[in-house]
Every structure is written in structure tokens, then in C-alpha cells.
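This report describes selected features of the structure shown below, arranged by element.

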Amino acid sequence: MAITTNSSRKRISVLCSRAENVSNFIKADSLFGPDTRLVYKHYATLYFVFVFDSSENELAMLDLIQVFVETLDKCFKNVCELDVVFNFSKMHTILNEIIFGGQVLETSSTEVMKAVEEITKLEKASNTITLSKSVSSWQGR
């Protein structure tokens with residue numbers, strides 16, 4: 001579904017205008033189509049929003065947001081907007097370790113961090129090998 005600027009603003013305004021003492025769950029039929037729900041959690045200046053269908057448990061989704069934020073905090077030492085913007089691929093790696101293909105894979109932030117650290121090591125090793133080959137081929141000229 002293509003998201004227009006106007007519809008994005010509408011979604012954001014729905015979340016920002018809600019009072020602190022109301023539920024974190026919203027029926028999102030008008031925003032995302034039939035049978036959809038939205039759960040969000042507001043931490044400091046960041047909003048974390050998950051959209052799902054009625055077959056999922058709302059409290060489980062709220063807990064999943066908590067796991068995601070805890071993992072981000074472990075990774076970035078108190079996550080902020082700049083961490084999300086400048087480390088977008090790492091954030092996606094973390095999310096992919098928690099949820100992949102619509103299925104929850106892991107709910108332990110410690111286990112997610114172990115997997116992310118292993119992926120980071122493999123990426124660094126791959127970059128080192130690529131860099132070595134590039135330097136070797138350049139020096140051979």
C-alpha cells in the first residue's frame with residue numbers, strides 16, 4: 001500500500017493527540033484497512049508502532065515492542081532519534097531477529113543481541129576480505 005504524506009500525517013496525528021492515560025491499542029480499520037489493529041508505545045521522543053491483524057494478541061504485541069526497545073537500548077546505550085536515523089540497517093537487523101516474515105522468532109533481548117553481534121562480526125569479516133581483495137588487485141596494477 002502506498003503511503004502518501006497526508007495519510008502519514010493523519011496516522012502520526014492520531015498517535016500524538018492521544019492522552020497519556022488512554023489505551024495503547026487502536027482499531028486501525030480506517031488507517032490500514034479492515035481487521036487491523038495498532039499498538040504503540042511512547043518512549044521519550046520516540047514512538048514505536050506495530051500494526052497487526054485481529055489474530056494477534058494485543059498484549060503480546062505490546063510486549064514485543066518492549067523487547068525491541070530493550071534490545072535497541074542495549075545496542076545503542078539509551079536509544080534516541082539519531083541512533084535510529086544513522087543506524088537504520090542495524091535497527092532492521094535487530095527487528096529481523098525478533099520478527100521475520102510476520103512470525104515472532106525471538107523474545108529475549110539477550111539472545112537477539114547475541115545474534116546481532118554475530119552478524120556484525122560476519123559483516124566486518126566480509127568487509128575486510130573484500131577490502132583486502134580490492135587493495136591486492138589495486139597494488140597488482
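## Helix 3 and its ends

In this predicted model, a side-chain oxygen of asparagine 57 comes to within 2.7 Å of the backbone nitrogen of leucine 59 at the start of helix 3. The helix comprises 19 residues and spans 27 Å from its first C-alpha to its last, close to the 27 Å expected at 1.5 Å a residue. Just after helix 3, lysine 77 adopts a positive phi of about 55 degrees.

Buried positions of helix 3 include Met61, Leu64, Ile65, Phe68, Leu72, Cys75 and Phe76. An α-helix has 3.6 residues a turn, so residues three or four places apart point the same way.

## Strands 2 and 3

Strand 2 (residues 36-43) and strand 3 run antiparallel and are joined by eight bridges; arginine 37, for instance, has phenylalanine 52 of strand 3 as its bridge partner. Two residues lie between the strands of this hairpin, in which alanine 44 has a positive phi near 50 degrees.

## Nonpolar cores

The largest nonpolar core contains 22 residues, and Phe48, Phe68, Leu72, Ile94 and Ile98 have the most contacts inside it. Strand 3 (46-53), helix 3 (58-76), helix 5 (88-98) and helix 6 (109-139) each contribute at least two residues to this core, with helix 3 giving the largest share, nine residues.

Beyond its neighbours up to four places away in sequence, phenylalanine 48 touches residues including Val39, Tyr43, Ile65, Phe68, Val69 and Leu72. Another core, apart from the largest one, has six residues, among them Leu15, Ile26, Leu31 and Leu38.

Key. Residues numbered from 1 in each chain as written. Predicted model: local features only at pLDDT ≥ 70, side-chain atom pairs only at ≥ 80, totals over all residues. Heavy atoms only, no water. Core = buried A, V, L, I, M, F, W, Y, C linked by side-chain atoms within 4.5 Å. Buried < 20%, exposed > 50% of the residue type's maximum accessible area, 1.4 Å probe, protein only. Helix = DSSP H or I, 4+ residues; strand = E, 2+ residues; numbered from the N terminus. Contact = heavy atoms within 4.5 Å. Expected span 1.5 Å × (residues − 1). Polar contact = N/O pair within 3.5 Å; in protein donor to acceptor, adjacent residues only side chain to side chain. Pairing = 2+ DSSP bridges.
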